[in-house]
Every structure is written in structure tokens, then in C-alpha cells.
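Have the model open as you read.

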Amino acid sequence: MLQDDFWSVGEVGLTSRFLLGTARYPSPRVLADAIAASGTQIVTVGLKRQLAAGGDNGSIDIIRAAMQAQGARLLPNTAGCTTTREAVQLAHMARELYGTSWIKLEVIGDEYTLQPDPLQTVEAARELSNEGFTVFPYCTDDLVTCKRLLAAGCPLLMPWGAPIGSGQGLLNPFALRLLRERLPGVPLIVDAGIGAPSHAAQAMELGYDAVLLNTAVSQSSDPVRMAGAFRQAIEAGRSAYRAGVM
């Protein structure tokens, strides 16, 4: 990554543009090595998944140790929530357990596609923003919904490239490009649907600030090598954007 290429969330300056999820890795050790290989500075953790594990803190301790080694921050998420109330309650639990006001907001409206519910997501974003959270909202590429999330207090947006876990890449580059053009000063992170390093490079070439993914790394035959491949692709895509793609 170019040393002068920074982006920020609020007052937090970042150089890595790779956000990495922590679900479904073969082992905690592989996860820790993948975090190191990715160079990430933001790691997402699902509170519901941690609670379902019966309160075992072994994996989260390994995650924290790997994060500390490279100065990464924890981003809890509300994955699995289907209502505003459930998401808000889980966000408060995450802040208490993990000691961070950062929250990745997910309020799912369709169980098959895992598409976010736009109305409840905006409602939850407004409530959490008013309560001091820094909200990272998972949303679709709909411009109007994105504007409403910004008006609700979100400092950034996380539009999907394709449905979660599908690995289809950027299904609607036109809509993503339009978001970048219409919201020039807003940090934009492609979240969901990325299946290959080339997909991540494409997102960065469009001028997006970062990419968040999980399944494409955790479910590959070699998660550590794949994390490194995505790191290189994201850096290459960003460099291409800065150089000026023809």
C-alpha cells in the first residue's frame, strides 16, 4: 500500500483497505494466520455466533492477539438480526462486551438472499447513531436508501456487491459506480458477494474505499494464502484507481 494513501472512519486513520470476517474458519490458528496475511486493520465478529458458542472465549482471545500484533480494531456485527429492536439490543451488548462503539449493522429482511431490510436498517441506524455508536450499515446499492442512512447519522456505507456468501462479485457495477459519483465524500465499502480477488480489485478500481469479505477466504482450501491474494488485489485495484484507469 502506498504510504501516503490513507482513509478514515471518524477520527481513526487507516491504511489497510481490507476488512476481514472471522466466521467458519477451519481453526482459530488458521484464522489468526489469515488475519496476519490480510494486513487488515478492521476485523468483524458476530456476537450471535459468539453467544451460540456457549461463551467460550478461546477464539476471541486468539482474534484479539492477532489483531494486537498489527494494530487492528474490532468491528462487532449484528448478523442474524431481523428487527430493529433485536439489532439495537445486540449492538448494546456488543459495546458492553467488546468495549467499542463501532458496530456493523445488519437487519435482514429476506432469509433466502439475506438482503437487508431498508426501513428497519434506517430506523436502527438512527437510534444507534443517537446513542453514540459509529454505525457501519450493511445495505443494498440503492441510492435513496443510502442517502437516508447518511441522514440517519451513518458516517459511511457498506453496499453489497451480491448476496452474502454467493461469491458472484459485483452484479451491478453501474449502481455501485453511481453511488461513488453521487456520494463523493462518503467512505464506501463493498460488503458481501465478493468471491475472488479480481472482484475485490474491480471494486477498488471503481473508487471504493475498502472491501469487506469473509467466505471467500474462510471457505477456500488455503485461507491464509487466499487472504494474502486478496490483500494484493485490493492494493492493486486501489493503485489502478489512483493512477487513472483508462
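Strand β3 (residues 18-21), helix α1 (residues 28-38) and strand β4 (residues 42-46) make a right-handed β-α-β unit. Right-handed here means that, with the strands pointing away from the viewer, the path from the first strand over the helix to the second runs clockwise. Helices (H or I, at least four residues) and strands (E, at least two) are DSSP runs, numbered from the N terminus.

This is a predicted model, so local features need pLDDT of at least 70 and side-chain atom pairs count only at pLDDT 80 or more, while totals for chains, interfaces and linings use all residues. Residues are numbered from 1 along each chain as its sequence is written, and side-chain values use heavy atoms, with hydrogens and water left out.

Back to β3: it pairs in the parallel sense with β4 and also with β10; pairing takes at least two DSSP bridges between two strands.

Which way do the β3 side chains go? F18 and L20 point one way, L19 and G21 the other, and all are buried (under 20% relative accessible area with a 1.4 Å probe, protein chains only; over 50% is exposed, in between is partly exposed).

Now the cysteines. A whole-structure search turns up 0 disulfides, meaning pairs of cysteine sulfur atoms within 2.5 Å. C139 is buried at 2% relative accessibility. For C81, the closest cysteine sulfur is in C154, 15 Å away and also too far; C81 is buried at 0%.
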